Amino acid sequence: MALRGRDIVSIRDLSTEEITEILDHARSMIPVAEGKKSSSALEGKVVATAFFEPSTRTRLSFEAAVQRLGGRCLTIADIGVTSMRKGESLYDTVRMLSSYSDAIVLRHPNEGAARLAADASDRPVINAGDGSNQHPTQALLDLMAMHETFGTLAGLKVVLLGDLKYGRTVHSLAIALAQFGSELVLSAPRALALPEDLRGELESLGAKISDEPELRRAVRDADVLYVTRIQKERFPDEGEYRSVAGSYRVDASVLDGAKPQLIVLHPLPRAGEVDPEVDRTPHAAYFRQAFLAVPVRMALLSSILAPTRGG
Amino acid sequence: MVRELRITPIRNGTVIDHIANGLALDVLRIIGVRDLDKDSTVSIALHVRSGKIGWKDIVKVENMELSPRKVNAIALISPSATISIIRDHQVREKRAVDLPEHVTGVVRCPNINCISNQGEPIESDFRVVRRRPVVLRCAYCDRQVTDFLRHLA
Ligand SMILES: Nc1ncnc2c1ncn2[C@@H]1O[C@H](COP(=O)(O)OP(=O)(O)O)[C@@H](O)[C@H]1O
Ligand SMILES: [Mg+2]
Ligand SMILES: [Zn+2]
């Protein structure tokens with residue numbers, strides 16, 4: 001298995017073939033994720049989940065994935081209980097963790113933390129979010145939600161709505177979509193536009209990109225509406241945050257003119273960007289998307305920690 | 001050549017020639033004039049006519065040879081530069097600077113939230129993603145840098 005022992009720091013670390021392989025594998029893990037089938041793929045393995053930033057879904061879905069596959073977790077969930085507060089470097093913390101575990105799942109508020117961890121660790125490191133940079137496993141489950149509905153990613157028209165500047169989930173997702181030949185429609189307040197260098201990278205991947213700040217027009221012939229939350233903690237100052245907070249909201253009326261098959265995705269938690277009335281429309285796919293986190297992370301972990309041949 | 005030796009010849013040291021016009025002071029910053037031994041002379045020629053690149057700057061430093069890191073930093077800001085090692089008044093070695101694929105410890109990441117700016121026991125690390133003009137990408141946070149002159153470490 002080509003993924004064995006690999007670090008997953010950025011979505012750029014995975015080819016489209018590897019992503020397809022992970023998604024196929026994840027599909028076969030769905031019954032295990034639902035508790036209808038059992039698996040011992042991670043028996044005897046210890047996975048450290050080190051979260052230096054709050055998380056519910058990501059950490060729990062990683063831990064659920066490990067436990068469903070018969071492995072065990074070593075959890076750092078609160079920075080207050082570690083010695084990082086006493087000034088220990090992330091580098092040293094990760095070296096220590098890598099000697100206690102078979103793989104490390106890391107979330108950290110600084111961009112590049114996962115790359116540093118991968119350098120410090122001789123066990124594989126999975127990036128579960130580094131500041132506003134990357135969140136590759138979220139992109140994988142987003143792709144799976146789209147693929148499950150449409151059977152393909154090529155040619156899909158995907159609207160990316162909201163905070164495209166600091167939103168790490170869209171950064172990872174946009175790169176993957178560009179590689180699969182999806183069409184991207186960017187719908188963001190001017191202050192939260194996609195970083196220029198990332199846009200350039202997407203263009204060099206051959207992506208068809210357009211801008212449509214007007215939401216109703218953006219969704220008109222779209223297949224996917226991917227909504228992000230404006231994350232207060234990423235803003236360097238309060239004023240910049242306040243100028244964009246609440247600047248978009250998806251409700252049932254926004255979706256009136258959309259295609260019947262359009263799906264709405266959101267990495268969750270939501271904070272008012274998607275009105276609960278959307279939950280009752282056939283467009284709502286974000287709870288299914290959240291469930292897919294478990295089989296996707298199962299597939300990834302079991303590939304990375306696959307036993308060596310004969311071993 | 002005789003015409004060009006308007007500044008005092010040196011016995012031992014380094015000549016950095018064919019520096020892109022106007023960048024001699026940045027080259028001096030990279031060299032770190034403060035690190036030089038106090039008896040050494042540094043001479044600078046600004047805006048010198050050059051057949052190769054039109055106008056150029058030249059920096060000559062006595063009693064010093066450049067570390068590979070400093071050579072990389074010079075390559076970054078002026079790929080046209082050449083470096084000559086002078087021993088006993090003679091040019092003993094002469095080479096063009098060469099930009100490696102990774103530039104470590106030379107440029108600071110402009111992203112203040114980057115892990116390379118948090119006091120971790122690591123050096124900055126940039127991948128050269130384009131050579132003409134030079135574009136760097138932080139190996140940690142993926143930020144692209146083109147105005148690295150403003151971010152020399
Ligand atoms: N003894 C010296 N003192 C100072 N500068 C020198 C000395 N010898 C050579 N140089 C300078 O070093 C650079 C390389 O020397 P050389 O190879 O002879 O010239 P060029 O590159 O012009 O063909 C030139 O800029 C030259 O002026
Ligand atoms: Mg490693
Ligand atoms: Zn950086």
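Predicted model: local features only at pLDDT ≥ 70, side-chain atom pairs only at ≥ 80, totals over all residues.
**Entry 1. Domains of chain A**

I began with the domain assignment of chain A. It gives domain 1 as 11-133 + 293-304 and domain 2 as 136-290. I noted that domain 1 is written as two stretches of the chain, with domain 2 numbered between them. The C-alpha centres of the two domains of chain A are 24 Å apart.

Next I looked up the buried area. The size of an interface is often given as the accessible area lost when the parts come together. For domain 1 and domain 2 of chain A, the area buried is about 2,300 Å². Carbon and sulfur atoms account for 62% of that area. On the side of domain 1, I found that A:I11, A:R57 and A:S132 supply 26% of the area buried against domain 2 of chain A, more than any other three residues.

I also searched this interface for salt bridges, and the rule finds three between the two domains of chain A. In a separate look at side chains, I recorded a salt bridge between A:R234 and A:E53, at 3.1 Å from N to O.

**Entry 2. Domains of chain B**

I repeated the search for chain B. Its domain assignment gives domain 1 as 13-96 and domain 2 as 102-151. Their C-alpha centres lie 23 Å apart.

The contact joins eight residues of domain 1 of chain B to eleven residues of domain 2 of chain B. The two domains bury about 780 Å² between them, and 69% of this comes from carbon and sulfur atoms. Which three residues of domain 1 of chain B supply more of its buried area than any other three? I found B:R69, B:L76 and B:I77, which supply 62% of what domain 1 buries against domain 2 of chain B.

The rule finds one salt bridge across this interface.

**Entry 3. Where the chains meet**

I turned to the interface between the chains. Together they bury about 1,300 Å², with 45% of it on carbon and sulfur atoms.

How many salt bridges are counted between chain B and chain A? The count is two. I wrote down the pair A:E201 and B:R137, whose side chains meet at 3.3 Å, N to O.

**Entry 4. The largest pocket**

I looked up the largest pocket, which holds about 700 Å³ of space. Its lining has 28 residues, and those nearest its centre are A:E111, A:S132, A:Y166, B:N111 and B:R143. I noted that this list names residues of both chain A and chain B.

I also checked which elements take part. In chain A, α6 (168-180) and α7 (196-204) each supply at least two residues of the lining. The most comes from α7(A), with three residues. Sorted by class, the lining of this pocket has eleven nonpolar, six polar and eleven charged residues.

**Entry 5. The cavities**

The structure holds two cavities of 30 Å³ or more.

The largest cavity has about 80 Å³ of space. It is lined by 13 residues, and A:R57, A:Q138, A:L141, A:P267 and A:A290 lie nearest its centre. The elements giving two or more residues to this lining are α2 (57-68), α5 (136-150) and α10 (286-304) of chain A. The largest share, five residues, comes from α10(A). By class, I recorded six nonpolar, five polar and two charged residues in the lining of the largest cavity.

By class, the lining of the second largest cavity divides into three nonpolar, four polar and three charged residues.

Notes
Residues numbered from 1 in each chain as written. Chains lettered and ligands numbered in written order. Heavy atoms only, no water. 1 Å grid on protein atoms, 1.4 Å probe; cavity = no way out; pocket = protein on both sides within 12 Å on 5 of 7 lines; lining within 4 Å. Points joined across faces, edges and corners; volume = space filled by probe spheres on them. Helix = DSSP H or I, 4+ residues; strand = E, 2+ residues; numbered from the N terminus. Nonpolar A, V, L, I, M, F, W, Y, C, P; charged D, E, K, R; others polar. Domains from an automatic or database assignment. Contact = heavy atoms within 4.5 Å. Buried area = accessible area lost by both parts, 1.4 Å probe. Salt bridge = Lys/Arg side-chain N within 4 Å of Asp/Glu carboxyl O.
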